[in-house]
Amino acid sequence: MSAPDQPLLLAIDNGTQSVRALLFDLQGTLVHKSKVELEAYFSEQNGWAEQHPAYYWEQLCNACQRLWSESGIDPGRVAGVSVTTQRTTMVNLDASGEPLRPAIVWLDQRRSEVEGGLGLPWDLLFRTLRVEHVIRNFRSRAACNWIARHQPDIWARTDRFLLLSGYLIHKLSGLYRDSVGAQVGYIPFDYKKLDWAARFDWKWKALPVERRMLPELVKPCARIGTVTESAAAQTGIPVGTPIIAAAADKACEVIGAGATDPGVACMSYGTTATINTNNARYVEVEPLIPPYPSAIPDHHCSEVMVYRGFWMVSWFKTEFGWPEQEEARRLGVTPESLFDRLVESVPPGSLGLTLQPYWSPGVKEPGPEAKGAIIGFGDVHTRAHMYRALIEGLCYTLRAGKERTERRNKVPIRHLRVSGGGSTSDAIMQITADIFGMPAERPHTYETSGLGAAINCAVGLGHYPDVPTAIRAMTRVGDVFTPDETSRRVYERLYQEVFRQMYGRLQPLYRSIREITGYPP
């Protein structure tokens, strides 16, 4: 319990499915939180994912106001506030700071047509390096290119082009500033130098963005500004409260789990499932896919991700989980909390049912033609086997990411910290330990991304000299799940002899499916 006179740190975590206002003390203890569920996106056309920027701000304000009313805590105890958000969600603002269109959310699947090259010397260089497909993918995925081509009137009126983090910081501070640690997206950013791309960088030719449209960048832990009177009236945060730069949600999650170096991995069972390590060096785990900015200043996050990740649990709940949904309504709990019974009713390996979790394609492996697959069905298999196979498939994929990360970093991972929604399940934590063949460590709090933002805030306010020191003071390991040797042996054979062979064997079929049906585009 925090002393009543101890300063508190407010972390605002605007994820995909909820926004949370979280109060932490200087020891990393979660004092109180308020959570507001979000409509993740709406879709006017197949594959689109959009949300109104004002909706995010309104729900952030609701979360803050609920925090004060439910906790009874005096907002005057808040020493500082930091914001962490979902990544790659883009907002267009006009000259008065008002949104011009719905934000294009990171889940959006639309692609812009790519015509023509970038001119010399870039076209010659990219042909020589045989990376034209990477540049084409970057240009086609960039939301700004789609808007400029299909909504030129909106692009012409766009005065500022911001990530969701920059938009929310603008609403809080009135300033166009953002954290280096939040810059993850198809924007003219230099991931190696951790700054906007240099004047003659190829990204300025690949995108219609001008430098004046982008925010001023500050490093994580730096002071961005203070809460304005308008924002204070809407959120209840006192006027003048310092706003400290944090980072994107995944980067904050890594430090909130206590990972400071390449030997400690943070695995996240979030909407996007990832495995991350912090590194002072710039290391591309997947060639030509940059590591993202870390929540530690001047560091990088080496990341492997499963695009849909733990979203697949929501998919399973919608398509197959009606019994748990009905029982959850009756008991007043979440359906996901009842899924452990499905896992425990099925032996390790799901009697051979093996799932490849590529419900959404990637850029490298899986490639853009990839699809999900489940093989090994027999008449004994039930939806319980499907659910366990889903969790195992995610875990196999993240283990493969761990092994690629170790090879590229040239550092063995000695600790595996597990966060995100799946980390609350003991059954999933045990599967993780068994498949990875090493202890799976659960951080002391589920709210690791919020804790990471609070760590940045504490350092920025001067309570700790640097992020590693704050991590040592504010994070700790909770439950530890050790591998069961019998289960580990089963998983090792399935991983090596079945799962690792699936993508190569099925890839030609995926290409044929794409050619015949046009899906995925």
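A residue is called buried when its relative accessible area is under 20%, exposed when over 50% and partly exposed in between, with a 1.4 Å probe and protein chains only. The structure is a predicted model, in which local features need pLDDT of at least 70 and side-chain atom pairs count only at pLDDT 80 or more, whereas totals for chains, interfaces and linings use all residues. Residues are numbered from 1 along each chain as its sequence is written, and side-chain values use heavy atoms, with hydrogens and water left out.

Aromatic contacts were examined first. A pair of aromatic rings is described by the distance of the centres and the angle of the planes. Rings of Phe, Tyr and Trp (its six-membered ring) are taken to pair if their centres lie within 6.5 Å, and the planes count as stacked under 30 degrees apart, as edge-to-face over 60 and as tilted for the rest. By this rule there are 24 aromatic pairs. One of them is formed by Phe339 and Tyr387, a tilted pair with 4.9 Å from centre to centre and 50° between the planes. This pair links distant parts of the chain, 48 residues apart, with Phe339 in the loop between α11 (322–331) and α12 (340–344) and Tyr387 in helix α13 (residues 383–409); helices (H or I, at least four residues) and strands (E, at least two) are DSSP runs numbered from the N terminus. Both Phe339 and Tyr387 are buried. The rings of Tyr396 and Tyr491 have centres 6.2 Å apart and planes at 75°, so this pair is edge-to-face. Tyr396 in helix α13 and Tyr491 in helix α17 (residues 485–517) are 95 residues apart, and their pair likewise links distant parts of the chain; both tyrosines are buried. Ring pairs also link Trp315, Phe316, Phe320, Phe339, Trp359 and Tyr387 into a cluster.

Arg110 is placed over two tryptophan rings, where a charge sits over a ring if NZ of Lys or CZ of Arg is within 6 Å of the ring centre and within 35 degrees of the ring normal. Arg110 lies over the face of Trp48 at 3.9 Å from the ring centre, and its charged end sits over the ring of Trp146, 4.4 Å from the centre.

Two strand residues were then considered. Ile12, in strand β1 (residues 8–14), is buried with a relative accessible area of 0%. Leaving aside neighbours within four places in sequence, Ile12 is in contact (heavy atoms within 4.5 Å) with residues including Val19, Arg20, Leu60, Cys64 and Ile237. Thr85, in strand β5 (residues 78–85), is buried at 2%, and with the same exclusion of neighbours within four places its contacts include Asn14, Leu164, Ala247 and Asp249.

Strands β2 (residues 18–24) and β3 (residues 30–37) run antiparallel and are joined by seven bridges, strands being paired if DSSP finds at least two bridges between them. Phe24 stands opposite Leu30 in β3, and in the hairpin, which has five residues between the strands, Gly28 takes a positive phi near 80°.

The structure holds zero disulfides, a disulfide being a pair of cysteine sulfur atoms within 2.5 Å. For Cys61, the nearest cysteine sulfur, that of Cys64, is 6.7 Å away, and Cys61 counts as buried at 6% relative accessibility. For Cys395, the nearest cysteine sulfur is that of Cys266, 14 Å away, and Cys395 is buried with a relative accessible area of 0%.
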